[in-house]
Amino acid sequence: MDRYDIRPGRHVIMNTAMRFGCFSVSGSVQDIGGKAAAASGLQVGDSVCALVGGGGYAGYCVVPWQTTVRVPAGISVTDAAAIPEAYLTAYSALMWSARMKPGDSILIHAVSLFDTSV
């Protein structure tokens, strides 16, 4: 589950897939096109996680190879489903919004997904 699932009605639904929620997925590569295989280095059977535009609750999901990464060693495929959206949210906050640069420091006091003011 992600923020779109627990805060229904608070986000604009842009396409049909988004109506089915879940924007981070994980699993194993079942098939891959030749160009994607060459560009990504992924192979059938690799454990991966990915960011999708919705519909992540499906049993199978077609994703662009550019939003797909191998599951890091020591992390279960189940836990890996939380990586894409959480990582990209943190990255965009720190790198794009805060404009952090190499050598900068930051103290993260607390993190919450929920808006407690509502």
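**Reading burial, pairs and patches**

Q: Is V48 buried or exposed?
A: V48 is buried, at 9% relative accessibility. The cut-offs are under 20% for buried, over 50% for exposed, and partly exposed in between, with a 1.4 Å probe and protein chains only. This is a predicted model, so local features need pLDDT of at least 70, side-chain atom pairs count only at pLDDT 80 or more, and totals for chains, interfaces and linings use all residues. Residues are numbered from 1 along each chain as its sequence is written, and side-chain values use heavy atoms, with hydrogens and water left out.

Q: Where does V48 sit, and what is it in contact with?
A: Look for strand β2, residues 47–51. Strands (E, at least two residues) and helices (H or I, at least four) are DSSP runs, numbered from the N terminus. Contact means heavy atoms within 4.5 Å. Leaving aside neighbours within four places in sequence, V48 is in contact with V25, S26, G27, V29, L42, T68, V69, R70 and V71. Take T68: it is 20 residues from V48 in sequence, yet their C-alpha atoms are 6.5 Å apart.

Q: How many salt bridges does the structure hold?
A: Side chains of opposite charge can pair when their charged atoms come close. The cut-off is a side-chain nitrogen of Lys or Arg within 4 Å of a carboxyl oxygen of Asp or Glu. A search of the whole structure finds two. One joins R70 and D46, at 3.5 Å from N to O. R70 lies in strand β3 (68–70) and D46 in the loop between α2 (34–40) and β2, so the pair ties together parts 24 residues apart in sequence. D46 is buried at 17%, while R70 is partly exposed at 44%.

Q: Which residues form the other bridge?
A: D104 and K101, at 4.0 Å from N to O. K101 is exposed at 53%. D104 is partly exposed at 37%.

Q: How do I describe a pair of aromatic rings?
A: Give the distance of the centres and the angle of the planes. Rings of Phe, Tyr and Trp (its six-membered ring) pair if their centres lie within 6.5 Å; planes under 30 degrees apart are stacked, over 60 edge-to-face, and the rest tilted. There are two aromatic pairs here. In one, the centres of Y91 and W96 are 5.8 Å apart and the planes stand at 90°, so the pair is edge-to-face. Ring pairs link Y87, Y91 and W96 into a cluster.

Q: Where is W96, and is it buried or exposed?
A: W96 belongs to helix α4, residues 83–97. It is exposed at 59%.
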